[in-house]
Amino acid sequence: ARGDRGALQPRPARERSACGMMTAEEVLSPWVLQYTEAQKAELKPWIRCDGRGKYSYIEVSVKGARHNNEDTSYGDGRLFCVFDGHGGRHASQLLRKRLAEHFYGSVQGVDLQTQLTAEGNPPKVVAAMDQAFVKSQDDMPTEFPAAQSGSTGVACWVHGDPGKGASKVYASCLGDSKALLFDMRDGKIPPMQVRTWDHEVGTLNGAGVASGSRAETFCHNLTGGLLHGRDGKWTGMDKDPHGIGFREFKLLSERHHFAASRKPYNISNMPGEERWRVLDVEPTRALGHKLKREHPLHHPEIKEWQVQEPSKSMLMLSCDGFFSKEAFATPDHVTRFCADPQSYCKDPALFNGTCLKALLERLDETHKLPNPATVDMATLFDKIRNVVFSKLSDDTWTTAYDAAYQYLRKFAQEKPIPNITTQPVKTLLAACYFAVLLVSDDNVSVSVVFLDGLVRFGGGCIDSGICP
C-alpha cells in the first residue's frame, strides 16, 4: 500500500507470497533472458514485473524503428501511467517523476481508501488527476531545445476494497495514448455505463456525464477532413464515429481563434495511413511545447469504469505504437492478440486495415502475403518478414525489425503458445514485436495491471533491460 505522498510501504507478512522472492529466470524464462542479453543495448526491451504494491503489474517497452525510446512508464501498485514522448525525452521523463508527485500532493491528508473515490462534484480522485496534469505542465522546461519536447499520457487509479479485487478504475487520458479494460479470456473490452469529466468541455466540476460506452479512453486527435452542411458550416469530421475529432478541432479553434479557412491536413504519404493535423503536432492534447504559440490542450479527459469481474479482468495502458501504420487496426485487435495469439494469427482478415496491405495493394503485390488460416504461426512470421524486409528504408529500421522477428520466431516455437493468462510477459513482448513486424515505426510501450489483487512475482520486483 501507499501513504498519502505515495511512498511505497512494505506489505504485511501475511500478505506476502508463500514462495518468497522469485528470480528473473522464474518470471521471464531462460530463453527470454537469453534473447534480451543477446541484443545490442539500444534494442534491449525494458521489462518490469512488480508485485510489491496492492495490484501487481507488468511494464514492457521496445524502441522499435525509432532512433531513441521516448516513452516512459510509472507504477506503484495503485497509480499507473504510460507517457508517450515526442520531440525528445524531456517531457515524458519529467512526467514519470512529477505527475505522481503532484497527484499524491493534491490528496495529502485524504484517506486513499475511503475518501479519495467517494462521491463528489467531482470526486477527489478526479480533481487530483486533473491537477496533476496541469501542475506537470507548469513544470515543463522553457529553455530551447528542451521546450520543444512534448508528451501525451494516460494515468489510472485503481480502487478496491481490502481483501478483494478492484472495483473501480479512474482513467485519465491526454492525447493519443490509450487505457482500457479487457477480459483476459477472450480479449473483449466490456460495454458499461461510464462517467466522464473534462475541464476542456466544462464538465469537470460535477458528478460526471454518464453514457453507455466501453471501458476505453478515446484518443485526442483529428481523424479526417471536415464535413459541411448545405449552409456551408462545418458539421463534423470524416472517420469520426464518436465525434471526438470534430470536438477537439472546435476546442482548438476556439482556443486559438482559427480563421474560418483553417482546416486539418494529412501529413502522411503512406498508403492506408492518415495523420491529420491542425497544429504542428498531431495530438490535440499534450503537455510540454512551452515555446509554441499554438499549443495543444493541457487538461485530460477522465473516466470512471466499474470492474465487474476482477479475477478475469486486466487494465491495459499503452502508447500509440501499437497503432502506428495501423499495425493493429483497433484496440480490440491488441487485446484479442493478448488473449489468444494463436487464434489471432489464424484470422483470414489479419491484414485488413493495415498499412502493409495498403502498400502492397499499391505495388500490386498482395499475392505475396500469406493466408493466415492456412499456415502455422512460425511460417506466418517467416512469410511476413520475406515480404517486408527488402522494403525497409534504413539500418535503424532493419535492425529493429530483425530483432522483432527473432523474438517472434522463438515465441512461435512454444508449446503451447503462451497467452496473457498463462505467460503474460512473453505475450506482451510478442504483441509489441508483432506491431513492429507489421511495420509500426514507433516506440511500443504497454503496461498491464492484474485487478484481482493477488500477490505475484513473489511480492518483489524483477527488472530486465534498460529503463527508457
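Me: How many disulfides does the structure hold?
Reply: A disulfide is a pair of cysteine sulfur atoms within 2.5 Å. In this predicted model, the sulfur of Cys461 is 8.0 Å from the closest cysteine sulfur, that of Cys49, and is therefore too far away for a bond. For the structure, the number of disulfides is zero.

Me: Which cysteine has the sulfur nearest to that of Cys156, and how far away is it?
Reply: Cys156 takes part in no disulfide. Its relative accessibility is 0%, so Cys156 counts as buried. The nearest cysteine sulfur belongs to Cys81, at a distance of 7.9 Å.

Me: Is Cys461 buried, partly exposed or exposed?
Reply: The buried class lies under 20% relative accessible area and the exposed class over 50%. Cys461 has a relative accessible area of 27%. Cys461 is therefore partly exposed.

Me: Where is Arg293 found, and what is its relative accessible area?
Reply: Arg293 is in the loop between strand S14 (287–288) and strand S15 (301–306). Exposed residues are those over 50%. Arg293 is exposed, its relative accessible area being 71%.

Me: How many salt bridges does a search of the whole structure find?
Reply: The pairs include Glu119 with Arg195, at 3.0 Å from N to O. This pair links distant parts of the chain, 76 residues apart: Glu119 is in the loop between helix H3 (90–106) and helix H4 (124–139), and Arg195 is in strand S8 (residues 191–198). The search of the whole structure finds 34.

Me: What is the N to O distance in the salt bridge of Glu274 and Lys239?
Reply: Glu274 is in the loop between strand S12 (265–266) and strand S13 (276–277), whereas Lys239 is in the loop between strand S11 (234–237) and helix H5 (244–256). Glu274 is partly exposed at 33%, and Lys239 is exposed at 53%. Their side chains meet at an N to O distance of 2.4 Å.

Me: Which helices hold Arg385 and Asp402?
Reply: The side chains of Arg385 and Asp402 meet in a salt bridge of 3.2 Å, N to O. The two residues lie in separate helices, so the pair ties together parts that are 17 residues apart in sequence. Arg385 is in helix H9 (residues 377–388) and Asp402 in helix H10 (residues 395–411).

Technical notes:
Residues are numbered from 1 along each chain as its sequence is written. This is a predicted model: local features need pLDDT of at least 70, side-chain atom pairs count only at pLDDT 80 or more; totals for chains, interfaces and linings use all residues. Side-chain values use heavy atoms; hydrogens and water are left out. Buried means under 20% relative accessible area, exposed over 50%, partly exposed in between (1.4 Å probe, protein chains only). Helices (H or I, at least four residues) and strands (E, at least two) are DSSP runs, numbered from the N terminus. A salt bridge is a side-chain nitrogen of Lys or Arg within 4 Å of a carboxyl oxygen of Asp or Glu.
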